[in-house]
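Morning, everyone. I have one model to show, and I'll keep it brief.

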Amino acid sequence: MKFLADENIPLLVVEQLQQDGVEVISQSTAPPGATDEDVLIRAVREQRVLITLDKDFGELIFKSQKKSSVLYYFVLFRYI
C-alpha cells in the first residue's frame, strides 16, 4: 500500500513511516499552493492513500466521486 502525506502532516512522521518501511511521500516536497482537489487528483493518479488532518477531503471525494481513500492523522499518533 502506498501513501501520500498531506502538507499538514509533519515531516518527522513521514520520515518515521519511511524508516519503518512504509511507502509514503509528502505533498510538502511539491511546489506549495496545491489545492485540496490537486492533492486528491495526485493521490488517485498515483494510487496512494491520502494521510491528512483535513476532514474536508471526505466531502471532496464524495462530491467528485473519485475512487480514493483517506486516512486521518489521529491513527498515526504512535509515530510521534
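I'll take the strands, then a loop, then a helix.

This is a predicted model: local features need pLDDT of at least 70, side-chain atom pairs count only at pLDDT 80 or more, and totals for chains, interfaces and linings use all residues. Residues are numbered from 1 along each chain as its sequence is written, and side-chain values use heavy atoms, with hydrogens and water left out.

Start with strand E3, residues 49-52. Helices (H or I, at least four residues) and strands (E, at least two) are DSSP runs, numbered from the N terminus. Which residues cover the two faces of E3? Val49 and Ile51 sit on one side, Leu50 and Thr52 on the other, and all are buried. Buried means under 20% relative accessible area, exposed over 50%, partly exposed in between, with a 1.4 Å probe and protein chains only. In a regular strand, side chains alternate between the two faces of the sheet.

E3 runs parallel to strand E1, residues 2-5, and three bridges join them. Two strands pair if DSSP finds at least two bridges between them. Ala5 stands opposite Ile51.

Now the loop. Ala34 lies between strand E2 (23-26) and helix H2 (36-45). Ala34 is partly exposed, at 24% relative accessible area. Beyond neighbours within four places in sequence, Ala34 is in contact (heavy atoms within 4.5 Å) with Gln27 and Val39.

Last, H2. Its buried residues are Val39, Leu40, Arg42 and Ala43. Down the axis of H2, they fall within an arc of 160°, so they line one face of the helix. That arc is taken from the directions from the helix axis to the C-beta atoms. Just after H2, Gln47 takes a positive phi of about 55°.
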